[in-house]
Structure formats: structure tokens, C-alpha cells
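Please open the model in your viewer and keep the selection panel at hand. The stops below say what to select next and what to look for there.

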Amino acid sequence: MAASPEQSPGDVVLRVEGLRKHFTTPGGFRRQPVVVRAVDDVSFDLARGETLGVVGESGCGKSTVARTLMRLDEPTAGRALLDGADVFAMGPRELRRARRRMQIVFQDPYASLNPRMTVEEIIAEPWDIHPEVLERRERPERVRALLESVGLRRDHAERYPHQFSGGQLQRIGVARAMALEPEVLICDEPVSALDVSVQAQVVNLLEEIQARLGIAYIFIAHDLAVVRHLSHRIAVMYLGRIVEIGPEAEISEAPRHPYTKALLSAEPRLDLDAESDAAPRQRILLGGEVPSPADPPSGCRFRTRCWKATELCAREAPPLTADPESRSRPPRLVACHFPESDAGS
Amino acid sequence: MSEAATLLEVRDLRVEFRSGLETVHAVNGATFDVRAGETAAILGESGCGKSVTAAAIMRLLPQPPARITAGEIRFDGESVLTMSRPRWRQIAGRRIGMVFQDALSSLNPVFSVGWQIAEAFRVHGEASRAERRRRAIELLDRVGISGAATRVDHFPHQFSGGMRQRVMIAMAVALGPSLLIADEPTTALDVTIQAQIMDLLASLRAEYGMAMVLISHDLGVVSEVADRVAVMYAGRVVESGPTREVLRRPSHPYTLALLRSVPGGKSKAQKLHPIVGSPPDLARMPVGCAFHPRCEMAREICTRVAPPCTVVEGASGATRTVECHFAAEVASGRVA
Amino acid sequence: MSDPAATPVAAAAEAVQVRRRLPLWRLLVRDRFALVAAFWLALLVVCMAFGPELLGKAATALDLRARNTPPGSLEKGWLAVLGTDALGRSMLARLVVATRNTMAVALTAITLALLVGGLLGMIAGYVGGWSSHLIMRGADVLQSFPSLLLAVVVLYVLEPRVSNLVVVLAVTRLPVYVRVARAEVLEIRERLFVQAARALGGGRRHILRRHIAPVVAPTLLTILTVDFAVVMLAESSLSFLGIGIQPPEITWGLMVAQGRNHLAVAWWLSFLPGLAIMLAAMSANVLSSWLRTVGDPSQRWRLEAPRGER
């Protein structure tokens, strides 16, 4: 895998600033309306050609980030600058044009393809919506070329989705997203629904496409191993906020935020080289469960499960600040009053 | 590892599902043993027959459409499949407990969790009403539910996913079974919760001296907790033996390919090595070895003859079984 | 995967389930019920097209000597094979001639109801907001008002012309289509493939046309075939009240109504047109469920599978 592309300000293709998405459940008789802060002040930059992995447990808001960036859900606040133009402020016509540059692959390949359409119709649908991209007579050939580029056969174009397996369907989903040649591809748990042996096919395909076309990925998953494998940088989310963001190597080798550390240690790992009979990996077992985003803890949201939490954590939410020991540029950011350090761990 | 007594024996189990149009061969001759006190894992991808096997052991298969066409399942020497209903009721729940993947649909939404845990004592005619409640609270406390005395009266929907799985585990171990069958117990849960549950299962196992059959698709989980593993593919156990041996030096191409397809810890620069194609259609099984259409080392014989089950001597002297014509070559790494 | 030796073994795994696609008519021939239904409906179309021209005279020719001849004999000529009515008119000829009016009224009415109701329902379901409220309350009002009363009032006020009759019948059936279409849309719009189309930039019209209408249409079509009989009978009630089709024009519904007076002596006067209504509705129903199967790619194989596999 290529090294993380050097970042300079001009290289940023997507800049997200202060993204918030609050869902309000309607109140009723003697019932207060409940505000669920699914995403609460999330900011990050995505450089051209890089993969930003987003990890976190269910309810941390990672899929909501994806849906709001695609404006499938309307954001409550914030800006998403795609080459300087704010996607969240766009009217319908501008947005339509912006869709060509930003696409999404969904988790469930069975549900994300219309079962009544042939593969050809599915992959050509983007051009029906954006007819200016490709002339009608060139479409059949391009559909087949795209099929080949995702590892399927040309004659699969005439088939229907139910004739394919999950892994093949996900390739078709990728082909559809690639039809408009986007610059940013959001992958919302694209391999979570697939079997282990098939996951690798899709992961490799995504890698190949990036190497060939230089697309930037936002890769959302709960499977740390896959995210670590694919990502240049990783953002760790907890209860609607980013708690740590930085280069993949720094984060997986020396996590600074206690939550990141716990997450990494909880991941079941296939450790065949080490004689781990003798020295079992140190595992941090977090107590309790993720609190409800409708009623998050005061101060640092992780403090209820954190072994380092003090009175300060309950009072004050730690801001995302640069890790002084970070060697990367931009540096790794951590939101913790008492981050782990190289010396301490 | 000392040779403990065999607790559960599955021999050449075959299960079919018949619909009007086709016959799906879900399990095609699965064979494995579970010894008292050990953790045995059944590892495989979706559709490999691992859950059907578990359901067959628990006599939970809906018949029809399912049909057990051959094979035998023996629990503590007694044949489960031919056992009378009253006899089976004495064993199910009391000596074999089961934990399912989907705790929400496995719990009855209209009864309190305490009532459901006490159900086990009630069915087996044990304890008075007050005693049952006391023991339910004790169990909830044991599986790590804080405030058990009040939580005992709560209903399943008032618990989170991880908590519900704890309730299920409490129900499964209520009567101190000697075997626990856990069918993907953590698949629906987040990693930090998964770690909690696996930890709980391990401590309960130690406390009760239970054996456990862990059914999972997760190589990481299996490698961390299982003493022995049976790898299933297309309804057959293609390789089984001590977990460490099987996963470190696989001798079936499928096991090897599976290991190479998951992202490893450190070797990030390495490309993943996926298995081509997808698992076979169980209604139209390939002739010969079921894995041959996806196997990189398949040869002509594999397309004709199903490989016999061979016993291989491992490095540490422990034996394992493999179903491959070229097991020795795979194990020695000559074909990787 | 018929010849494993010819293909590289590993590549064979990538194969996708294939089944030869058969042309529509072959599929129709394979399903006997659908075939019979199609024949019957084709016959009705022929009757509609040529009936009045061929048998128009016979249908009005009185023959007082052959009054109330029971069906089943050829003694009084082939026209009387299905019996004659109280004025000695041939039942066969009358049934054939009535096909055109019956179909014209019923088919236009339900097609109109389906198109307008389906469209309104889809708008109510997909657009939502005040337009949804307006449409649904309108449907509520229509449904809570007794439809026969509505028809009677409207047709008394307006002229009892065929076109008015059609409109009234269509309006009374409208709410069903609105409701069903809306319910289906509410479900489909949340499906992931609709979200995917939105993410591609597809507008409302694109999504309604490409993704929602193809799923809603077969359901509405099924309701239409059930409604077919209902509308024919509703038309007969109105005709019976004298505000529907005016004699000497005839419809099957009107024939049922007129025959009621003679039920004790000549059962066939009501029974035969009733049977015609039932057979037409049933054929339409069978054919629509066949169409539904054919139109669904994941179900079509049931018809394409060789006989042995079924």
C-alpha cells in the first residue's frame, strides 16, 4: 500500500467543519421531545487520494456522518466543503452536480440494488440521471468495461441481482458508484455483510481502484482489522464525536485516547506468530455499555467507562488537541485530558 | 492436554432441507467430538452448515422441511436423535444449555427476564417460588447485571443488546449444564461488548466446568478461546484438531485460504489474498471435493473423487483430521 | 458448470446462476390457467370488436313463440343454444352484443380509477406534507360517503350519459387505489436502492418512475382485476335504478338486473350474464397474477423451469 500522500492545504478535497446532526423524536402528551445528538461537532479533512477510516461502535454516529455528507439526511449544522464549495448549502441543481464528485457504497448489497433492474440498467442509472456525462450510444460498452474493471464478466450485464452472490453484488454497487468517476467515495460498512473470504475480494478491489484512479475514500467500518489495513488515517468516534484522529500507524501502534486503546485491545486478533500461551495480550475490558446519545454524560463523553476519569473529565469536555509527540503533518489530534503517552505505555 | 472423556459425538451427520423445487444439502456428513470441559469451535462462513448442525444437536430443526437423513449424535453416550421426548426434556436445559445469536428474538417480550430465567427451574420442577426468584437474582448478578434485585422484574426491551445476551447466558447456565452451545453469541455485538461477553463465558466455563461448543465465523474469536476447532465448508468438517495447530499450520487449502484472506495484524503492506468465487449452491453441489472450484491447488482428481477423511499427526503429537487429497503438501507449505 | 474439464477449475466458481430466458408467449403456453384465461379474454375482445355488427339484429329480434326457452338445446336454432329471454330474444346474441358496453364502461372506469388514484397515491406517499393530507382526507370523504348514494345523486343531477356513468364509477373506486399506492410508496421509499438513487442525484420524478412505479403497478393491477367485477355489478345496480345504461342498450349487469324478475321461471336470464361477469373477472385475475410473476425477475424462473423441476 502506498504511503500516506503528503498533505498540503491545496490537496484537501473535502473539509468537514462542525458537522452536527440532531434527531428530534416528536414529543407527545406529557412527553418532552427528545433530542438525539447522533453527530455532535465533527470536523476533519480528507486529502485527495487518501483513505480516512472511521471506526467506532454502533451508535457512535459514523453512518450518520456518511448519510449527512451525501445529504440523504439533512445536517443540523456545519459545513462540508468539496473543493471549497459547501455541499450543505447547495440548492438542488448544484447538489446534483456535486453528486457526480461524491458517491457512496452501502452496507447491504442485496438491498441497495433494485431487484427489478438488470445489472446494465443499474450501472447505467447514474448516466440516466446525469445524461451529460456520457452519450447514450457509448453506455453499453462502458457498462461492460466497468463490469470487467470490478472483476465481473461482460455478459453479466443482462442478469438480474438475484442471480449474484453478496460479494458480486457489492462489486456491482462499486461499479455503479464509479460510473460517474467521483473524487470522493464514501464506503459505509461495505464489507460488513459479506463472508470473510469474500470481504477480501472487495477490499482488494477498492485498493486497486484507488491506486488506479486516485479516489479519496471515507471508509466506515466497525471491523478494526479491515480499517487498519485500508486506511492512511483513522478517525475514532465515540458518542457522536471524534476522540482521536491521525495516521493509521501512529494510532494502531500507540493509541493516545483511552477509548482507542480499549477498542484496539478488545479486537479479537489472530496472533499466530507469538507464543501467546506464555504471554497473553493485555486486554482492557471496558465496563458498562455506551450511554444513550439522547442523554450523553457531561464533560468527556467517555468518562463513564474510562479508568482514568477524574472530576475534571466530568466538568469539562476535552477539545481535540494536537499530540505533541506526533511526527506527522498535520499532527494526530486527541480529545482527552489525560492522554496515554509513549513513556507511560 | 489430558484426554478427557468425550461428551458429545457427532458422526456423519447429514441434514437436508426439502422445498417443492429443490433439495438443499445443508450438512453433508459432519463428524466431530467435544470432550468434557473443553471449548470446541465450529468455524465456517455463512451457509457452511454450522448453525444447522447446532440446531440438530439441540433437536431444534423444523421437520419438515428439514430431514436428518443419516448420522448420529451422542451426548454422554446416549443417542440424541433416537431418544424419547421425556428423556430429551431431562437433558435439554439441564445438561445442555444454548445461547443464540439474536437475544432479542430469543427472549419472550411479554415476560420479565426474572420469570424467564426461573422458567428453567419451573420446568424441571425445582425450588419454591421465592427460591426461584432468589436464584434468578443470583444468576443475573453472576452474569454481571448490576442492580439484579430490581432488574429481575424488567422486560427484555429494557435491556441493551449486550445485557440481553447476558440474560440469555444466565438462562442457559441456570441449571449448571455440562455443555453449552453458543451459536454466534457475539456476532451482533460491538467489539468492546463482545470482549465482555467472551470474558464472561470463559469465567462461567471455568466455574461450572462446562464444555462449550462455540459456533463462529470469526477467526480471531476462535483462535483466542477455542481449545479445538472444526472448520466446516459446504456441510462437511474439512479439518479439525487443536486450534493452535490447525490455524498455525493448516493442512486443508480452505483453512489456509481463509487465514490468508483476513487482514493480519502487522503485515499491512501485504495485499489480502481472497478466495475466488463464492461458496457452492447447496442444492447443486460440485462433484468431488466441494471446495475444488475455488481451490488454487485443485487437480484433476479433486473434480472427480471426494477426498477421504485422513488423520494427520501434528507437531505436538496431537492428531487432527483433514479431508483433502493433498493434505500433506498443504501442511508442509509446498503449495502456498 | 456442465463441463468442468473445459474450464479452468477455479474460474468456474465465478459463474452466475443462469437460466435461459424464454419469450413471453412460450411462458404463457407453459402455464395452462393463464393460457385459458388469455383465450377467454381474447374472445371477449373479439366480441367487443365485432359483436354488435355481427349479432346486433339477432339480439333485438323478438320471437314470442320461443319465449323463455331453456338453454342447452339446438331445436330453436343455434342462436337459442343458451336459451332465450321473456321476449324470445337470443341470450347468446345478447351476451355477445352486451360485451362492448360492459367492457367499455367497466374497463374505462377502473383504468381511470387506477391511473388517477395510483398517481395521487404515489404523490401522497412520496411528496408527503400538505398535499398528502389533502389527498388522503379527500379519499376519506369519498370512502365514507355511500358510493351508490353518491352515484345516484350525481347521475340524477347530471344527465345519465355513459361518460358520466364512467366518471362516477371511477370516482367511487378511487380511494382504494390511492390508499394502496400510498402505502406501497411509503414502504419502498425507505428501501436502500431508493436511497442509492437519491445519492446518485436522482430527483423525485426519476425515482417515482424508475423505482417506485414498477413495484406499485403490479399491486394496483391485481386490485384492478378484483374491482372489475365490483364495477360491473355497480353499473348494473345503477342501470336497474334507471340512471345507468339506458335500454335498449344492454350490458351484462343490466341483464342480471332484468333477469331477477324471472328468476323463478327462467334462472338462466340472470345466471348466464352473472357467469360471464365472473369468468371475465377471474380470467383477468389469473392473467394479472401470471403477469406479476413474469414481471418479477426473481420469480420468473418458476415459469421458466423445466416441468420436471416444478
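In which sense, parallel or antiparallel, do strand 10 of chain B and strand 12 of chain B pair, and over how many bridges? Keep in mind during the whole tour that this is a predicted model.

**First stop: a strand in chain B**

Select residues 236-242 of chain B, which form strand 10, together with strand 12 of chain B, and you will find that the two pair in the antiparallel sense over two bridges.

**Second stop: where chain B touches chain A**

Next, display chain A and chain B together, where 36 residues of chain B are in contact with 31 residues of chain A. On the chain B side, select helix 8 (191-208), helix 9 (219-225), helix 10 (243-248) and helix 11 (253-261), each of which supplies at least two residues to the side that touches chain A. Helix 8 of chain B gives the most, with seven residues. If you colour this side of chain B by class, you will find 14 nonpolar, 14 polar and eight charged residues.

Now select residues 119-129 of chain A, which form helix 3, a mostly covered helix in which eight of the 11 residues are buried. Among the buried residues are V119(A), E125(A) and W127(A). What covers the buried residues includes helix 4 (139-149) and helix 5 (166-178) of chain A, together with helix 7 and helix 8 of chain C.

**Last stop: two helices of chain C**

Finally, select residues 192-199 and 204-240 of chain C, which are helix 7 and helix 8, and look at how they pack at an angle of about 145 degrees, with their axes 11 Å apart. Their crossing is right-handed. Show F193(C), V194(C), A197(C) and R198(C) in helix 7 of chain C, which meet H206(C), I207(C), R210(C) and H211(C) in helix 8 of chain C. By class, this contact has four nonpolar, two polar and two charged residues.

Notes. Residues numbered from 1 in each chain as written. Chains lettered and ligands numbered in written order. Predicted model: local features only at pLDDT ≥ 70, side-chain atom pairs only at ≥ 80, totals over all residues. Contact = placed C-beta atoms within 7 Å. Helix = DSSP H or I, 4+ residues; strand = E, 2+ residues; numbered from the N terminus. Nonpolar A, V, L, I, M, F, W, Y, C, P; charged D, E, K, R; others polar. Axes fitted to C-alpha atoms, helices over the stretch in contact; angles between N-to-C directions. Left-handed = near helix turned anticlockwise from the far one by under 90°. Buried ≥ 20, exposed ≤ 12 C-beta atoms within 10 Å, placed from the backbone. Pairing = 2+ DSSP bridges.
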